[in-house]
Amino acid sequence: MEQRSPDDLSTDEAKAFIDQVSSFASPILVLSGGEPLVREDILDLAEYGHSKGLRIALATNGTLVTPKLAESIRNAGVQRVSVSIDGATPETHDGFRQQRGAFDSAWQGIENIKRCGIPFQINTTVTKHNVAEIPAILRLAVEREAAALHIFLLVPAGCGKEIANDEMIEPEEYEQVLNWLYERSKDTPIALKATCAPHYFRVMRQRARIEGTSIAATTHGFEATTKGCLAGSSVCFVSHRGEIYPCGYLPISAGNIRERHLEEIWENAEVFRELRDENNLHGKCGYCEYRRVCMGCRARAYAYTGDYLDSEPYCVYEPKPPAGDPRA
């Protein structure tokens with residue numbers, strides 16, 4: 001049974017939004033949730049977006065993907081499916097999800113996706129309960145022929161806020177995970193990407209400088225690695241009510257598509273303009289030599305300080321402040 005809120009965008013409103021997007025841009029449109037597959041028109045919207053020339057991705061927990069539904073996903077023009085895997089074992093994944101059988105159901109959904117020839121990626125949020133299993137999750141992703149593994153650093157917002165106190169690992173451990181990811185990126189046959197972890201772009205450059213190598217950035221596609229925090233500059237999030245946010249974890253509304261055209265919001269919203277200039281950053285992020293490629297996580301800064309331009313609270317790097325700089 002479909003689970004819809006009376007505040008949800010209607011099918012016509014959602015298609016009108018897709019029209020707005022395609023009228024001035026050609027981004028990747030990620031259909032996510034919650035669980036997007038509980039919305040009965042979600043594949044109609046995917047097909048409509050595909051017909052408008054947009055690249056369509058679907059983010060799901062995988063448990064609802066039957067063989068028939070996988071065929072429908074393919075026929076709707078979805079080009080990438082991401083499935084959340086929160087542990088390398090049923091015990092870890094099911095325990096975190098509090099749903100027995102979720103691990104096996106997710107992998108069965110992945111098998112159905114694979115049989116239809118749809119590329120899939122694994123999304124894993126790094127937390128205390130699974131940090132020791134991240135290498136094993138990578139092995140699973142490789143063995144099951146995923147196109148990529150994307151690891152996410154937890155942001156204490158939305159659902160993440162409820163578990164942050166119990167599940168966020170220490171900044172020093174995040175640094176270890178990011179260095180591990182850099183090492184694996186050199187010998188792993190699938191794409192790796194760190195999300196909500198902008199300081200990875202600092203780590204890459206520090207390591208490359210030590211090793212005397214160069215950074216090869218992917219500038220487009222599902223594994224684009226051009227910059228750290230993209231909130232409000234290269235990405236935005238649209239809620240089920242039509243509110244536009246810099247990202248899914250930064251609850252500062254830039255406007256509503258029911259009231260204003262997306263292009264107007266994207267070009268003129270104050271929060272977007274502020275986030276597009278690294279010189280607006282406060283604290284150590286404001287004078288960090290890596291700020292242009294990192295930016296720090298604006299959502300984590302907001303969650304901890306109430307200021308989305310403040311320093312990234314989970315970065316251990318201490319840049320040297322310039323002499324006389326009032327932000328030092």
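How many helices and strands are there in the chain?

Mentor: The chain holds 14 helices and 9 strands; helices (H or I, at least four residues) and strands (E, at least two) are DSSP runs, numbered from the N terminus. This is a predicted model, in which local features need pLDDT of at least 70 and side-chain atom pairs count only at pLDDT 80 or more, while totals for chains, interfaces and linings use all residues. Residues are numbered from 1 along each chain as its sequence is written, and side-chain values use heavy atoms, with hydrogens and water left out.

Let us turn to the sheet. Three strands form an open sheet in the order E7-E8-E9, with antiparallel pairing. Strand E7 (237-238) and strand E9 (255-256) stand at the edges, each with a single partner strand, so one side of each is left without a neighbour in the sheet. Two strands pair if DSSP finds at least two bridges between them. E7 and strand E8 (residues 243-245) pair in the antiparallel sense over 2 bridges; Phe237 has Tyr245 in E8 as its bridge partner. Strands of a sheet pair through backbone hydrogen bonds, either parallel or antiparallel.

Around this part lies the rest of the chain. The C-alpha atoms fill a box of roughly 65 × 45 × 35 Å along the principal axes. Of the 328 residues in the chain, 50% are buried, meaning under 20% relative accessible area with a 1.4 Å probe, protein chains only. Among contacts (heavy atoms within 4.5 Å) between residues at least 6 apart in sequence, 67% join residues at least 24 apart.
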